Amino acid sequence: MPRIVVDVMLKPEILDPQGKAIVGALPRLGFTAFSAVRQGKRFELTVDGEVTEEILAQAREAAESMLSNPVIEDVVNVEVVAD
Amino acid sequence: MTETPLIGSYPSGPAGAPLAGARIGVVTFPGTLDDRDAARAVRVSGATAVELWHADTELADVDAVIIPGGFSYGDYLRAGAISRFAPLMGKIVDAANSDAKLPVLGICNGFQILTEAHLLPGSMIKNDHLKFLCRDQVLRVENNTTAWTNAYAAGQDITVPLKNQDGQYIADEKTLDALEAEGLVTFRYMGGNPNGSRRDIAGISNAAGNVVGLMPHPEHAVETGYGPGHTGTDGLGFFASVLNTLLGGK
């Protein structure tokens, strides 16, 4: 079954407290190369059958209107992944 | 079979009581926690509490609506994001925006639902310190002309419980400036910002003043013996205010 992957991130200007906690914890395990972490969300929408332009448009609309909140988040990626 | 009274239930006033005709709806979603306390606060103030279920399609002739706190839908997706699409929410949004200007109060998760439903601007993200915080919180009443704050004095400080993890109010600078300029910041945190909220904002209203949302919990401060410091009843003003509004046809 093909899937449509939607990636949502907090807007760049919004502080991500979870990412901040993660970047603080990384060096404790010896991962010292990373100066910042931002945590986002990945949604996988499974489609029964072929992904048409119309279905992709629906996914984009759902991404903007429900999967993300435009006040705080950006949809950074919508793509079709075939298995 | 006689029904066992629920713990914490508070009797309604007698049918002919002066304020019993005021019907204030309290909405329950899956995962709502504070509906019982909100209904109790309504009864303490003398009005009639009407239980509303998120899947209801009618508002049952209520005169005002409270969307209480909790973790509706487990805060899945974003706090309040899924509740926003409940059948009853469409009715509430329409009634709040109608000429009748249905008074709507969102407390904590209810505030989050109101922002997700676009009845109020901005949004809430995780507290800047990442922890769940529960404490008695002093708030300043910045606007006492709304449907839910007219029983307070302007600039009055009140103390009510605060308890949340996603309590950090954010909006872009333009929205914040507009809120300040139009006097729509209804409550501000005093004695230290508990969660990183922009400009210490604890609660806001819409331009008409009938929709108010705040993170702290006035419904937990309405009875001596239970509120802040075991005596605090500063939350009662919310419920007195909406009764003023309904009686005054404001």
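Predicted model: local features only at pLDDT ≥ 70, side-chain atom pairs only at ≥ 80, totals over all residues.

In chain B, 9 strands form an open sheet with mixed pairing, in the order β2-β1-β3-β4-β11-β10-β9-β6-β7. At its edges lie β2 (48–53) and β7 (157–164) of chain B, each of which pairs on one side only. On average, neighbouring strands of this sheet are turned by 25° against each other, direction ignored.

Next, look at what packs on the sheet. Helix α2 of chain B, residues 87–97, does so, touching β1 (23–28), β2, β3 (64–67), β4 (104–107) and β11 (211–214) of chain B. The direction of this helix makes about 125° with that of β4(B).

You can follow this packing down to one residue. Leaving aside residues up to four places away in sequence, V65(B) touches G25(B), V27(B), I92(B), L102(B) and V104(B).

V65(B) also has a place in the largest nonpolar core, which has 71 residues: along with I24(B), V26(B), V42(B) and V104(B), V65(B) touches the most other members. Helix α5 of chain B, residues 236–248, gives this core its largest share, 5 residues. As general background, nonpolar side chains tend to be buried together in soluble globular proteins.

Finally, there is a second, separate core of 7 residues, including A59(A), A63(A), L67(A) and V78(A).

Conventions: Residues numbered from 1 in each chain as written. Chains lettered and ligands numbered in written order. Pairing = 2+ DSSP bridges. Helix = DSSP H or I, 4+ residues; strand = E, 2+ residues; numbered from the N terminus. Axes fitted to C-alpha atoms, helices over the stretch in contact; angles between N-to-C directions. Contact = placed C-beta atoms within 7 Å. Core = buried A, V, L, I, M, F, W, Y, C linked by C-beta atoms within 7 Å. Buried ≥ 20, exposed ≤ 12 C-beta atoms within 10 Å, placed from the backbone.
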